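Hi everyone, thanks for making time this morning. I'd like to walk you through a structure that may be new to you, so let's bring it up on the screen.

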Amino acid sequence: MLIGYVSDERFVALPDVVLEFIGASGESWDVRSRASGAVHLDLPPDKYRVVLQKSGYGAKFSRVTVPGPTPHHFRLLSDGLLGYAWPKWVRSGEPSEFRVHSIEPYKLELWRYGWRPEFVRALGWHDEHGPRAVMQITPDGDYTQTGAEWNKVGYANSVHSQHVAGPARSGLYYFRASTASGRQFSFPWIVAPARPTAKMAVLASNFTWNAYNNFGGRSNYIHADGLPPTPTINARAELKRYSDSGFFTWGADQYPPLSFDRPEPFNHIDFAEQITDPIGGRQACHLAPAEWRLLGWLERQGFAYDYFAETQLDDGTLDLSQYRVLVLAVHPEYWTPRMYARVKRWVFEEGGRLVYLGGNGLNCAVELLPTGAVLHHNGTIAGLDVAGLGGYESRYAMRHESEANLLGCVFTPAGAMTGAPYRVLDASHWAFAGTGLKTGDTFGEKCLHMRCPGGASGHETDKASPHSPNNAQVIARGLNPDNGGADMLTFNTPSGGEVFSVGSINFVASLPVDETVSRITENVLRRFLS
């Protein structure tokens, strides 16, 4: 009979796993998983304790009832070095637990990421008396919905506490874990201030970080509608992303939740990486490593800021009434309606100044659940273009209204996965003061974004639309192909609020290395802060 399947942390089938089933009476049976990860064994009805072993993976215990309503999904965790803080966002003085997976003793340090990574404190060496005792254990089943729950097993004694308090200074922090054998892994920690210390708040796009995180086998892009009945054998042949010509069809009104309680491998930053280094890889260019470029640039230019997670805007920790300027950066794609309504009211009724230094922002509505997971509300979509959205401009518009009402622009597929400079449309605008630019000139040729190189307008780009405020003025436009360049625009509101948008994921990757992009952004911030 089919008992279940064995897979790893990416839901890839694991063959040749040794499983021992131990019944209530102590009698036992052993079996090995097949090429598909399937476990077939004829067992009498009972409740079983299961021991799993495979070289290169952590051994574990599971419990199953035979017969069960559906095949059981056994999950193993591969040997390596990973970690995350829990919670991943705190205020100064509040504690987080560091949850690290290692198969050997590891050293942990805390660093703050400004213009240069700054050492904060050593957090010691960590191991235990038992063999491989700092190895973590993942739950069975689809733990992308419920969380990886690291440190749940073990550490019952308070002596083993692995907590650290948020430093007094707000910012983006990274834990750096390393082993004597040369393994290294870093993971981010968002520390908000205990009380406001600056006029400007910067928002980490941690909803987006979570949406793209496929640890456990799911993200909003891989198995978004839930794990399939069987684990992956060959991704190209099986995953809809590759096998379905209509992959960009989202066929459900909402997707199962994605828990924040998981490590984020895409947010790792190499220990030797500097802020002016090119951003390599497919994911780092639009997640935390790219957002670091903004924070470091702000500090180099002398701008004080308080740093918050998007989740802290949603829960009210970020009190916008205490700030003059709010900065969104890189790829703030997923927002809750509560966040959107609060920021829009602040800009249009309370004189808030919004600086949008990103692309494909506020494009999909999500819900933050009490469990610490995110429920994604996509709506049934037939494609990425407006026609596929049923005439709506975006996934957010399907649920509420077009984000162009707040940002002045909205993502369209034109120009996606390309990079290009901007061209000036109105050199008389105050944003270009001191740049020496004339109408028709280009700027933003230098960029650290290596996935879509070519300039500050790129990766995914936003454009003005019929839902943009009537007084929105496009002052520059990207030169991406198919009329796909980002619209750089500004507008003000009757309450004295102002908005500046660049409409490009690439833009922040140009800040540390392109003098004109730097000067334009500095002009905007100094005006908005005044």
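Let's begin with two residues, Y143 and F215: both of them are buried. Keep in mind throughout that this is a predicted model.

Where do F21 and F74 sit in the chain? F21 belongs to strand β2 and F74 to strand β7 (residues 72-75), so to speak a link between distant parts of the chain, 53 residues apart. And are they buried or exposed? F21 counts as buried because its relative accessible area is 0%, under the 20% cut-off. F74 is buried as well, at 0% relative accessibility.

There is also a cluster, held together by ring pairs, made up of F98, Y173, F175, F185, F187 and W189.

Let's go back to strand β2, this time for its sheet. Four strands make an open, antiparallel sheet, in the order β3-β2-β5-β6. At the edges are β3 (28-32) and β6 (60-66), each pairing on one side only. On average, neighbouring strands here are turned by 25 degrees against each other, direction ignored. Between β2 (residues 18-22) and β5 (residues 46-53) there are five bridges, and L19 stands opposite L52 in β5.

R49 has its charged end over the ring of F61, 3.9 Å from the centre. R527 lies over the face of W430, 4.3 Å from the ring centre.

Notes. Residues are numbered from 1 along each chain as its sequence is written. This is a predicted model: local features need pLDDT of at least 70, side-chain atom pairs count only at pLDDT 80 or more; totals for chains, interfaces and linings use all residues. Side-chain values use heavy atoms; hydrogens and water are left out. Two strands pair if DSSP finds at least two bridges between them. Helices (H or I, at least four residues) and strands (E, at least two) are DSSP runs, numbered from the N terminus. Axes are lines fitted to C-alpha atoms, for helices over the stretch in contact, and angles run from 0 to 180 degrees between N-to-C directions. Buried means under 20% relative accessible area, exposed over 50%, partly exposed in between (1.4 Å probe, protein chains only). Rings of Phe, Tyr and Trp (its six-membered ring) pair if their centres lie within 6.5 Å; planes under 30 degrees apart count as stacked, over 60 as edge-to-face and the rest as tilted. A charge sits over a ring if NZ of Lys or CZ of Arg is within 6 Å of the ring centre and within 35 degrees of the ring normal.
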